Amino acid sequence: MTEPDRIVGELLQPGGYLKLVELGLEDCVEEIDAQRVLDVAGRSFHNGRFIQRMREKAATLPNVRLEQGTVTSLLEENGTIKGVSYKTKTGEELQAYAPLTVVCDGCFSNLRRSLCSPKVEVPSCFVGLILENCSLPFPNHGHVVLGDPSPILFYPISSTEVRCLVDVPGQKVPSISNGEMANYLKTVVAPQVPPELHKSFLAAVEKGSIRTMPNRSMPAAPLPTPGAILMGDAFNMRHPLTGGGMTVALSDIVVLQNLLKPLRDLNDASSLCRYLESFYTLRKPVASTINTLAGALYKVFCASPDQARKEMRQACFDYLSLGGVFSSGPVALLSGLNPRPLSLVCHFFAVAVFGVGRLLVPFPSPKRVWLGARLISGASGIIFPIIKAEGFRQMFFPATVPAYYRNPPMK
(Lines give C-alpha, C1' and ligand atoms only; values in the text may rest on other atoms or scores of the structure.)
Protein backbone atom coordinates (compact mmCIF):
# COMPACT_ATOMS: atom_id res chain seq x y z
CA MET A 1 0.00 0.00 0.00
CA THR A 2 3.03 2.31 -0.21
CA GLU A 3 2.90 5.05 -2.83
CA PRO A 4 4.07 3.78 -6.24
CA ASP A 5 6.79 5.71 -8.07
CA ARG A 6 6.23 5.27 -11.81
CA ILE A 7 6.75 7.21 -15.04
CA VAL A 8 3.45 6.07 -16.58
CA GLY A 9 -0.18 6.74 -15.73
CA GLU A 10 0.47 10.45 -15.19
CA LEU A 11 -1.80 11.97 -17.85
CA LEU A 12 -5.58 11.64 -17.73
CA GLN A 13 -7.16 12.87 -20.96
CA PRO A 14 -10.36 14.97 -20.73
CA GLY A 15 -12.50 11.99 -21.77
CA GLY A 16 -10.94 9.98 -18.96
CA TYR A 17 -11.56 12.78 -16.46
CA LEU A 18 -15.25 12.78 -17.42
CA LYS A 19 -15.34 9.03 -16.70
CA LEU A 20 -13.75 9.75 -13.32
CA VAL A 21 -16.58 12.23 -12.66
CA GLU A 22 -19.14 9.64 -13.79
CA LEU A 23 -17.70 7.19 -11.25
CA GLY A 24 -17.80 9.83 -8.49
CA LEU A 25 -14.00 9.77 -8.15
CA GLU A 26 -13.12 13.29 -9.32
CA ASP A 27 -11.89 14.25 -5.84
CA CYS A 28 -9.05 11.73 -6.32
CA VAL A 29 -7.22 14.32 -8.44
CA GLU A 30 -7.57 16.95 -5.72
CA GLU A 31 -4.89 17.70 -3.09
CA ILE A 32 -2.13 16.04 -5.18
CA ASP A 33 -0.99 19.20 -7.04
CA ALA A 34 -2.56 17.85 -10.23
CA GLN A 35 -2.30 20.17 -13.24
CA ARG A 36 -5.19 21.02 -15.53
CA VAL A 37 -4.43 20.13 -19.15
CA LEU A 38 -6.54 22.24 -21.53
CA ASP A 39 -8.74 22.47 -23.75
CA VAL A 40 -11.57 20.64 -21.99
CA ALA A 41 -9.53 20.01 -18.91
CA GLY A 42 -7.81 16.70 -18.39
CA ARG A 43 -5.38 16.26 -15.49
CA SER A 44 -1.70 15.39 -15.18
CA PHE A 45 -0.07 14.39 -11.90
CA HIS A 46 2.31 12.11 -10.04
CA ASN A 47 0.84 8.65 -10.64
CA GLY A 48 1.61 7.49 -7.09
CA ARG A 49 -0.27 10.39 -5.49
CA PHE A 50 -3.33 9.63 -7.64
CA ILE A 51 -3.18 5.92 -6.74
CA GLN A 52 -2.99 6.75 -3.02
CA ARG A 53 -6.07 8.98 -3.28
CA MET A 54 -7.97 6.16 -5.04
CA ARG A 55 -6.97 3.73 -2.28
CA GLU A 56 -8.03 6.17 0.42
CA LYS A 57 -11.38 6.61 -1.33
CA ALA A 58 -11.90 2.83 -1.59
CA ALA A 59 -10.99 2.36 2.10
CA THR A 60 -13.79 4.72 3.18
CA LEU A 61 -16.50 2.46 1.73
CA PRO A 62 -18.20 0.25 4.35
CA ASN A 63 -18.24 -2.87 2.15
CA VAL A 64 -14.56 -2.69 1.14
CA ARG A 65 -11.66 -4.31 2.95
CA LEU A 66 -8.17 -3.63 1.60
CA GLU A 67 -5.59 -6.39 1.97
CA GLN A 68 -2.00 -6.26 0.77
CA GLY A 69 -0.39 -9.31 -0.75
CA THR A 70 1.23 -10.71 -3.87
CA VAL A 71 -1.12 -12.90 -5.88
CA THR A 72 0.69 -16.07 -6.95
CA SER A 73 -2.09 -17.84 -8.85
CA LEU A 74 -5.77 -17.99 -9.68
CA LEU A 75 -7.78 -20.73 -7.94
CA GLU A 76 -9.54 -22.79 -10.59
CA GLU A 77 -12.09 -25.56 -10.20
CA ASN A 78 -13.70 -27.31 -13.19
CA GLY A 79 -12.86 -24.40 -15.48
CA THR A 80 -14.27 -21.77 -13.12
CA ILE A 81 -12.12 -19.22 -11.26
CA LYS A 82 -13.00 -19.37 -7.56
CA GLY A 83 -10.55 -16.74 -6.22
CA VAL A 84 -6.83 -16.18 -5.74
CA SER A 85 -3.90 -17.57 -3.80
CA TYR A 86 -1.64 -14.85 -2.40
CA LYS A 87 1.37 -14.26 -0.17
CA THR A 88 1.37 -11.74 2.65
CA LYS A 89 4.35 -9.54 3.55
CA THR A 90 5.39 -12.14 6.11
CA GLY A 91 5.41 -14.88 3.44
CA GLU A 92 2.21 -16.56 4.62
CA GLU A 93 0.22 -18.29 1.83
CA LEU A 94 -3.49 -17.44 1.95
CA GLN A 95 -6.54 -17.88 -0.30
CA ALA A 96 -9.34 -15.41 -1.03
CA TYR A 97 -12.58 -16.64 -2.57
CA ALA A 98 -15.15 -14.63 -4.54
CA PRO A 99 -17.94 -15.23 -7.10
CA LEU A 100 -16.20 -12.77 -9.45
CA THR A 101 -12.45 -12.08 -9.48
CA VAL A 102 -11.34 -8.92 -11.25
CA VAL A 103 -7.81 -9.49 -12.58
CA CYS A 104 -5.97 -6.21 -13.11
CA ASP A 105 -2.29 -6.89 -12.39
CA GLY A 106 -0.92 -4.49 -14.98
CA CYS A 107 1.31 -4.64 -18.05
CA PHE A 108 3.62 -7.29 -16.57
CA SER A 109 0.64 -9.53 -15.67
CA ASN A 110 1.48 -13.11 -14.80
CA LEU A 111 -2.20 -14.08 -14.52
CA ARG A 112 -3.49 -13.11 -17.97
CA ARG A 113 -2.44 -16.24 -19.86
CA SER A 114 -5.45 -18.32 -18.82
CA LEU A 115 -7.88 -15.44 -19.46
CA CYS A 116 -6.76 -14.08 -22.84
CA SER A 117 -4.48 -14.77 -25.81
CA PRO A 118 -1.69 -12.26 -25.19
CA LYS A 119 0.22 -11.02 -28.24
CA VAL A 120 2.47 -8.40 -26.69
CA GLU A 121 4.59 -6.12 -28.87
CA VAL A 122 7.29 -3.85 -27.47
CA PRO A 123 7.84 -1.21 -30.19
CA SER A 124 9.93 1.10 -27.99
CA CYS A 125 10.87 2.19 -24.49
CA PHE A 126 10.25 5.45 -22.65
CA VAL A 127 13.12 7.12 -20.85
CA GLY A 128 11.72 9.34 -18.10
CA LEU A 129 13.12 12.51 -16.53
CA ILE A 130 11.58 15.17 -14.28
CA LEU A 131 12.43 18.75 -15.31
CA GLU A 132 12.39 21.41 -12.61
CA ASN A 133 12.36 25.23 -12.67
CA CYS A 134 11.14 25.59 -16.23
CA SER A 135 8.05 26.72 -18.12
CA LEU A 136 6.51 24.84 -21.01
CA PRO A 137 6.22 26.73 -24.34
CA PHE A 138 2.41 26.40 -23.95
CA PRO A 139 1.44 26.19 -20.25
CA ASN A 140 -1.27 23.67 -19.28
CA HIS A 141 -0.76 21.65 -22.45
CA GLY A 142 0.95 18.40 -23.29
CA HIS A 143 3.74 18.73 -25.87
CA VAL A 144 4.88 16.26 -28.54
CA VAL A 145 8.22 17.05 -30.17
CA LEU A 146 8.61 15.27 -33.51
CA GLY A 147 12.15 14.22 -32.80
CA ASP A 148 14.60 11.99 -34.60
CA PRO A 149 14.41 8.99 -34.34
CA SER A 150 11.07 9.19 -32.46
CA PRO A 151 8.85 11.56 -30.43
CA ILE A 152 9.69 13.32 -27.15
CA LEU A 153 6.86 14.19 -24.74
CA PHE A 154 6.60 16.98 -22.16
CA TYR A 155 3.71 17.64 -19.76
CA PRO A 156 3.35 19.13 -16.25
CA ILE A 157 2.91 16.68 -13.33
CA SER A 158 2.90 19.29 -10.54
CA SER A 159 3.07 23.05 -10.20
CA THR A 160 6.90 22.89 -10.23
CA GLU A 161 7.71 19.78 -12.30
CA VAL A 162 7.51 18.78 -15.95
CA ARG A 163 7.67 15.15 -17.03
CA CYS A 164 9.86 14.41 -20.04
CA LEU A 165 9.48 11.05 -21.80
CA VAL A 166 11.99 10.26 -24.54
CA ASP A 167 10.89 7.47 -26.86
CA VAL A 168 13.72 5.09 -27.78
CA PRO A 169 12.73 2.66 -30.59
CA GLY A 170 13.33 -1.05 -30.06
CA GLN A 171 13.53 -3.08 -26.87
CA LYS A 172 17.14 -2.28 -25.98
CA VAL A 173 17.99 1.11 -24.49
CA PRO A 174 21.44 2.58 -23.79
CA SER A 175 22.81 1.52 -20.39
CA ILE A 176 22.17 3.93 -17.51
CA SER A 177 24.86 2.48 -15.24
CA ASN A 178 27.83 3.01 -17.57
CA GLY A 179 26.80 6.51 -18.70
CA GLU A 180 25.67 5.55 -22.23
CA MET A 181 22.15 6.81 -21.55
CA ALA A 182 23.30 10.20 -20.23
CA ASN A 183 25.54 10.60 -23.28
CA TYR A 184 22.67 9.67 -25.63
CA LEU A 185 20.33 12.19 -23.98
CA LYS A 186 22.95 14.97 -24.12
CA THR A 187 24.17 14.42 -27.67
CA VAL A 188 21.13 13.08 -29.57
CA VAL A 189 18.08 14.30 -27.65
CA ALA A 190 19.13 17.63 -26.05
CA PRO A 191 19.66 19.48 -29.39
CA GLN A 192 16.03 18.69 -30.29
CA VAL A 193 14.54 19.94 -27.01
CA PRO A 194 12.68 23.31 -27.16
CA PRO A 195 14.93 26.21 -26.00
CA GLU A 196 12.67 26.98 -22.99
CA LEU A 197 13.36 23.49 -21.60
CA HIS A 198 16.94 22.92 -22.72
CA LYS A 199 18.72 24.04 -19.54
CA SER A 200 16.37 22.10 -17.24
CA PHE A 201 16.66 19.03 -19.47
CA LEU A 202 20.45 18.99 -19.17
CA ALA A 203 20.19 19.59 -15.40
CA ALA A 204 17.83 16.58 -15.10
CA VAL A 205 20.29 14.39 -17.03
CA GLU A 206 23.15 15.53 -14.77
CA LYS A 207 21.04 14.81 -11.69
CA GLY A 208 20.90 11.21 -12.86
CA SER A 209 17.32 10.27 -11.88
CA ILE A 210 16.73 8.51 -15.19
CA ARG A 211 13.97 5.87 -15.38
CA THR A 212 13.03 3.51 -18.20
CA MET A 213 9.81 1.68 -19.04
CA PRO A 214 9.05 -0.62 -22.00
CA ASN A 215 6.14 0.58 -24.14
CA ARG A 216 3.83 -2.34 -24.75
CA SER A 217 1.00 -2.89 -27.17
CA MET A 218 -1.49 -5.76 -26.88
CA PRO A 219 -4.90 -6.01 -28.59
CA ALA A 220 -7.76 -7.28 -26.43
CA ALA A 221 -8.15 -11.01 -27.13
CA PRO A 222 -10.28 -12.32 -24.25
CA LEU A 223 -10.98 -15.95 -23.43
CA PRO A 224 -14.24 -15.54 -21.46
CA THR A 225 -13.77 -17.55 -18.26
CA PRO A 226 -16.46 -18.16 -15.61
CA GLY A 227 -15.64 -16.43 -12.33
CA ALA A 228 -13.11 -13.91 -13.64
CA ILE A 229 -12.78 -10.82 -15.81
CA LEU A 230 -9.63 -9.06 -17.05
CA MET A 231 -9.21 -5.28 -16.84
CA GLY A 232 -6.61 -2.60 -17.50
CA ASP A 233 -3.15 -3.22 -18.96
CA ALA A 234 -3.38 -6.90 -18.07
CA PHE A 235 -6.04 -7.13 -20.78
CA ASN A 236 -5.36 -4.46 -23.39
CA MET A 237 -2.45 -2.07 -24.02
CA ARG A 238 -1.60 0.58 -26.56
CA HIS A 239 1.47 2.78 -27.17
CA PRO A 240 1.42 5.47 -24.44
CA LEU A 241 2.25 8.30 -26.88
CA THR A 242 -1.30 9.70 -26.64
CA GLY A 243 -1.72 9.17 -22.89
CA GLY A 244 -4.93 7.21 -23.48
CA GLY A 245 -4.38 4.22 -21.18
CA MET A 246 -6.23 5.52 -18.12
CA THR A 247 -9.07 6.83 -20.28
CA VAL A 248 -9.58 3.33 -21.72
CA ALA A 249 -9.37 1.77 -18.24
CA LEU A 250 -11.87 4.18 -16.68
CA SER A 251 -14.21 3.84 -19.66
CA ASP A 252 -14.04 0.05 -19.25
CA ILE A 253 -14.87 0.41 -15.54
CA VAL A 254 -17.96 2.50 -16.36
CA VAL A 255 -19.11 -0.16 -18.87
CA LEU A 256 -18.54 -2.96 -16.34
CA GLN A 257 -20.21 -0.99 -13.54
CA ASN A 258 -23.32 -0.48 -15.66
CA LEU A 259 -23.42 -4.19 -16.50
CA LEU A 260 -23.06 -5.28 -12.86
CA LYS A 261 -25.46 -2.68 -11.43
CA PRO A 262 -28.73 -4.59 -12.06
CA LEU A 263 -27.34 -7.87 -10.67
CA ARG A 264 -28.19 -9.03 -7.16
CA ASP A 265 -26.39 -12.40 -7.24
CA LEU A 266 -23.02 -13.15 -8.83
CA ASN A 267 -22.83 -16.82 -7.85
CA ASP A 268 -24.06 -18.37 -11.11
CA ALA A 269 -20.61 -18.19 -12.74
CA SER A 270 -21.54 -19.61 -16.17
CA SER A 271 -24.59 -17.32 -16.63
CA LEU A 272 -22.58 -14.33 -15.42
CA CYS A 273 -19.73 -15.16 -17.81
CA ARG A 274 -22.13 -15.38 -20.76
CA TYR A 275 -23.73 -12.07 -19.78
CA LEU A 276 -20.37 -10.30 -19.34
CA GLU A 277 -19.31 -11.26 -22.87
CA SER A 278 -21.22 -8.12 -23.87
CA PHE A 279 -18.54 -6.11 -22.00
CA TYR A 280 -15.99 -6.96 -24.68
CA THR A 281 -18.26 -5.55 -27.40
CA LEU A 282 -19.65 -2.55 -25.51
CA ARG A 283 -16.13 -1.30 -24.69
CA LYS A 284 -14.92 -1.50 -28.29
CA PRO A 285 -15.87 1.87 -29.83
CA VAL A 286 -14.02 3.87 -27.14
CA ALA A 287 -11.12 1.48 -26.54
CA SER A 288 -10.42 0.63 -30.18
CA THR A 289 -10.49 4.28 -31.27
CA ILE A 290 -7.93 5.29 -28.65
CA ASN A 291 -5.83 2.15 -29.27
CA THR A 292 -5.79 2.58 -33.05
CA LEU A 293 -4.99 6.28 -32.85
CA ALA A 294 -2.08 5.63 -30.47
CA GLY A 295 -0.56 2.93 -32.69
CA ALA A 296 -1.07 4.85 -35.92
CA LEU A 297 0.24 8.18 -34.59
CA TYR A 298 3.34 6.53 -33.17
CA LYS A 299 4.20 5.00 -36.54
CA VAL A 300 3.50 8.28 -38.36
CA PHE A 301 5.49 10.40 -35.89
CA CYS A 302 8.63 8.24 -35.93
CA ALA A 303 11.36 9.52 -38.26
CA SER A 304 11.99 7.36 -41.33
CA PRO A 305 14.42 7.42 -44.27
CA ASP A 306 11.43 6.55 -46.52
CA GLN A 307 10.38 9.74 -48.32
CA ALA A 308 6.70 8.69 -48.36
CA ARG A 309 6.74 8.29 -44.56
CA LYS A 310 8.44 11.69 -44.23
CA GLU A 311 5.67 13.24 -46.35
CA MET A 312 3.00 11.57 -44.18
CA ARG A 313 4.61 12.88 -41.00
CA GLN A 314 4.79 16.43 -42.34
CA ALA A 315 1.25 16.19 -43.74
CA CYS A 316 -0.03 15.17 -40.30
CA PHE A 317 1.64 18.17 -38.66
CA ASP A 318 0.41 20.59 -41.35
CA TYR A 319 -3.13 19.12 -41.30
CA LEU A 320 -3.41 19.79 -37.55
CA SER A 321 -1.99 23.28 -38.15
CA LEU A 322 -4.91 24.15 -40.45
CA GLY A 323 -7.07 24.68 -37.35
CA GLY A 324 -10.84 24.44 -37.24
CA VAL A 325 -12.27 20.94 -37.75
CA PHE A 326 -8.86 19.74 -38.96
CA SER A 327 -7.51 20.35 -35.48
CA SER A 328 -10.58 19.97 -33.24
CA GLY A 329 -11.58 16.65 -34.85
CA PRO A 330 -8.32 14.78 -34.21
CA VAL A 331 -7.95 16.42 -30.76
CA ALA A 332 -11.48 15.25 -29.83
CA LEU A 333 -10.40 11.72 -30.77
CA LEU A 334 -7.09 12.01 -28.94
CA SER A 335 -8.70 13.35 -25.77
CA GLY A 336 -11.35 10.64 -25.62
CA LEU A 337 -14.16 13.20 -25.96
CA ASN A 338 -15.31 11.85 -29.34
CA PRO A 339 -14.05 8.28 -29.56
CA ARG A 340 -15.69 7.28 -32.85
CA PRO A 341 -13.84 4.75 -35.02
CA LEU A 342 -15.29 6.06 -38.30
CA SER A 343 -14.23 9.63 -37.45
CA LEU A 344 -10.70 8.34 -36.77
CA VAL A 345 -10.45 6.55 -40.13
CA CYS A 346 -11.85 9.59 -41.96
CA HIS A 347 -9.31 11.97 -40.41
CA PHE A 348 -6.43 9.54 -40.91
CA PHE A 349 -7.09 9.20 -44.63
CA ALA A 350 -7.87 12.92 -44.91
CA VAL A 351 -4.29 13.48 -43.72
CA ALA A 352 -3.03 11.06 -46.40
CA VAL A 353 -5.11 12.72 -49.14
CA PHE A 354 -3.94 16.14 -47.90
CA GLY A 355 -0.35 14.92 -48.21
CA VAL A 356 -0.96 13.64 -51.76
CA GLY A 357 -2.64 16.92 -52.71
CA ARG A 358 0.43 18.88 -51.61
CA LEU A 359 2.61 16.64 -53.77
CA LEU A 360 0.46 17.05 -56.89
CA VAL A 361 0.03 20.85 -56.69
CA PRO A 362 1.00 22.78 -58.77
CA PHE A 363 2.81 20.30 -61.09
CA PRO A 364 2.09 16.54 -60.73
CA SER A 365 5.35 15.05 -62.04
CA PRO A 366 5.53 11.22 -62.43
CA LYS A 367 7.91 11.08 -59.45
CA ARG A 368 5.46 12.99 -57.24
CA VAL A 369 2.50 10.87 -58.40
CA TRP A 370 4.45 7.72 -57.49
CA LEU A 371 5.36 9.22 -54.09
CA GLY A 372 1.69 10.06 -53.50
CA ALA A 373 0.67 6.50 -54.32
CA ARG A 374 3.28 5.18 -51.88
CA LEU A 375 1.98 7.62 -49.23
CA ILE A 376 -1.58 6.23 -49.53
CA SER A 377 -0.23 2.67 -49.55
CA GLY A 378 1.91 3.39 -46.48
CA ALA A 379 -1.03 4.94 -44.63
CA SER A 380 -3.14 1.84 -45.37
CA GLY A 381 -0.28 -0.37 -44.20
CA ILE A 382 -0.19 1.50 -40.90
CA ILE A 383 -3.85 1.64 -39.93
CA PHE A 384 -5.47 -1.52 -41.38
CA PRO A 385 -3.33 -4.06 -39.45
CA ILE A 386 -4.16 -2.21 -36.21
CA ILE A 387 -7.89 -2.23 -37.04
CA LYS A 388 -7.71 -5.94 -37.93
CA ALA A 389 -6.08 -6.71 -34.56
CA GLU A 390 -8.75 -4.67 -32.73
CA GLY A 391 -11.58 -6.47 -34.56
CA PHE A 392 -13.26 -4.76 -37.53
CA ARG A 393 -16.81 -5.92 -36.77
CA GLN A 394 -16.75 -5.06 -33.07
CA MET A 395 -15.06 -1.73 -33.79
CA PHE A 396 -17.37 -0.43 -36.54
CA PHE A 397 -20.54 -2.54 -36.23
CA PRO A 398 -20.81 -3.55 -32.56
CA ALA A 399 -24.62 -3.77 -32.78
CA THR A 400 -24.27 -6.75 -35.17
CA VAL A 401 -22.49 -8.83 -32.50
CA PRO A 402 -24.99 -11.08 -30.64
CA ALA A 403 -23.28 -10.51 -27.26
CA TYR A 404 -24.17 -6.80 -27.57
CA TYR A 405 -27.74 -7.66 -26.58
CA ARG A 406 -27.11 -10.03 -23.66
CA ASN A 407 -29.59 -9.55 -20.82
CA PRO A 408 -28.66 -9.88 -17.14
CA PRO A 409 -29.27 -13.31 -15.55
CA MET A 410 -32.73 -13.39 -13.98
CA LYS A 411 -31.53 -14.76 -10.62
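This note walks through a predicted model point by point.

1. **Ground rules.** Because the model is predicted, local features need pLDDT of at least 70 and side-chain atom pairs count only at pLDDT 80 or more, while totals for chains, interfaces and linings use all residues. Residues are numbered from 1 along each chain as its sequence is written, and side-chain values use heavy atoms, leaving out hydrogens and water.

2. **Strand β5 and its cover.** Let's begin with a strand. Helices (H or I, at least four residues) and strands (E, at least two) are DSSP runs, numbered from the N terminus.

3. **The neighbours of β5.** Two strands pair if DSSP finds at least two bridges between them. Strand β4 (residues 70–77) runs antiparallel to β5, joined by 7 bridges; Ser73 has Ser85 as its bridge partner in β5. Strand β6 (residues 93–97) also pairs with β5 in the antiparallel sense, over 5 bridges, and here Tyr86 is opposite Leu94 of β6.

4. **The two turns.** Have a look at the hairpins next. Between β4 and β5 there are 2 residues, and Asn78 in this hairpin has a positive phi near 55 degrees. The hairpin of β5 and β6 has 5 residues between its strands, with Gly91 at a positive phi near 90 degrees.

5. **A five-stranded sheet.** Follow the order β9-β10-β11-β8-β12 to trace an open sheet of 5 strands with antiparallel pairing. Its edges are β9 (143–145) and β12 (211–217), each pairing on one side only. From one strand to the next, the twist averages 25 degrees.

6. Helix α4 (residues 195–207) lies across β8 (121–132), β10 and β11 (161–169), at about 105 degrees to β8. Such angles run from 0 to 180 degrees between N-to-C directions, with axes fitted to C-alpha atoms, for helices over the stretch in contact.

7. **Helix α5.** How far apart are the end C-alpha atoms of α5? They are 23 Å apart, which agrees with the 22 Å that the 16 residues of α5 (residues 245–260) should span at 1.5 Å a residue; the expected span is 1.5 Å times one less than the number of residues. Among the buried residues of α5 are Val248, Asp252 and Val255. Their cover includes α1 (14–22), α2 (47–59), α6 and α7.

8. **Arg283.** Is Arg283 buried or exposed? Arg283 is buried, because its relative accessible area is 1%. Arg283 sits in the loop between α6 (269–282) and α7 (284–301). Leaving aside residues up to four places away in sequence, Arg283 touches Ala220, Phe235, Asn236, Val248, Asp252 and Val255, where contact means heavy atoms within 4.5 Å.

9. **Domains.** The domain assignment, whose bounds come from an automatic or database source, gives domain 1 (11–60), domain 2 (121–217) and domain 3 (294–396). The C-alpha centres of domain 1 and domain 3 lie 32 Å apart. Their contact takes 6 residues from domain 1 and 4 residues from domain 3.

Methods:
Buried means under 20% relative accessible area, exposed over 50%, partly exposed in between (1.4 Å probe, protein chains only).
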